[in-house]
Amino acid sequence: MQGGDDGPKETLYAFRAPVHFPEPTYTFRNNQVHEKGFKLGKMLFNDPNLSRDGSVSCSSCHLQSHAFADTWLHPMSIGVDGREGKRNAPPLFNLAFHREFFWDGGITHLDFTPIAAFENELEMDIPFPEVVDRIARHPVYPGLFREAFGIETVTGPFVLHALSQFMLMMVSASSPYDAYIQGDKTALSATQLAGLQLFRQHCESCHREPLFTDLSYRNNGAQRVIRDFGRELVTERAEDRAKFKVPSLRNIEVTAPYMHHARFQTLEDVLDHYTSGMQHQETLDPQLWRSGQPVITLSAAEKEQLISFLLALTDTKFLSNPIFHQTHD
């Protein structure tokens, strides 16, 4: 089950893997989630004073109502001084099950992801040691770190542990699809069931259930002209050019615009791309393009069925879970 607002309080803030999910990859032995650590992480996540000019926080670009992604108003998220980012902010959920993070997989442990956001000049633009120093000089934070972790001096690792505790609880596993998988055969409509079959025929190889991603890196031809080299910037291998991490399709209804560069506004746009909008590129995924043409073919009716199923991946409980609200105690 996901972290929610029901059940005894002593278990409310404990990480629980959904029964139909794979084993988590996060190193919980070093950082078990608990109430004080989670709440401290939530404060840090929402604190704009941890950016260089005090204008943006983590939550500025990761909104709960949009599955902790940015909104369509900011296709490329806005950082300090109104600077526009270079990629669309990905949603945040089910992070305990990922091995690598960001569109290019440049970070290999959840604990280190905030450093990249803090120090990116287009995001929070502040050296991480200065973040730690601001927290250490804060009138409230040191006492909260003492209560959460039993430390007298705020240090970088514990700042990262607190933020991870908050993000680890972002578990999304309560959509109509999840109810169906766990035995409620009325959870999906006939149209959605038809869409599920189409999904398993055309999409499952990359967007593997139940995470709806296989965590791999692929070039899906979304860039008409390759300007962002994606995974190649990390591996320095030409065969990884324009490859990006396969995103989860969970909560896809609320995470538009789509792709790393926010090219597509609607799910219809995405399906049109896969069926008729791609151009051949050297590293284009062979599961999408073969013998000079797209592999996926869908009629207009099938596209409607597939989109209907994708909407059944919306987890309203997660999107409104009060434990993530800034005012929830």
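1. Let's start with the salt bridges: the count for this predicted model comes to 19.

2. Look for R87 and D228, whose side chains meet in a salt bridge at 2.8 Å, N to O. This pair links distant parts of the chain, 141 residues apart. R87 sits in the loop between α3 (58–61) and α4, while D228 sits in the loop between β1 (217–218) and α10 (232–235). Both R87 and D228 are buried.

3. R231 lies in the loop between β1 and α10 and E100 in the loop between α3 and α4, so the pair ties together parts that are 131 residues apart in sequence. R231 has a relative accessible area of 13% and is buried; E100, at 19%, is buried too.

4. R134 and E130 form a salt bridge (3.1 Å, N to O), and both belong to helix α5, 4 residues apart, or about one turn of the helix. R134 is partly exposed at 22% relative accessible area, and E130 is partly exposed at 34%.

5. Finally, turn to the nonpolar residues. The largest nonpolar core has 56 residues, and those touching the most other members include L44, F45 and M170. Helix α7 (156–168) is one of the elements giving two or more residues to this core, and α7 gives the most, with 7. F45 touches, among others, F68, L92, L163 and M170. A second, separate core holds 32 residues, including C203 and W289.

Terms used: Residues are numbered from 1 along each chain as its sequence is written. This is a predicted model: local features need pLDDT of at least 70, side-chain atom pairs count only at pLDDT 80 or more; totals for chains, interfaces and linings use all residues. Side-chain values use heavy atoms; hydrogens and water are left out. A nonpolar core is a set of buried Ala, Val, Leu, Ile, Met, Phe, Trp, Tyr and Cys residues joined through side-chain atoms within 4.5 Å. Buried means under 20% relative accessible area, exposed over 50%, partly exposed in between (1.4 Å probe, protein chains only). Contact means heavy atoms within 4.5 Å. A salt bridge is a side-chain nitrogen of Lys or Arg within 4 Å of a carboxyl oxygen of Asp or Glu. Lists of a residue's contacts leave out its neighbours within four places in sequence.
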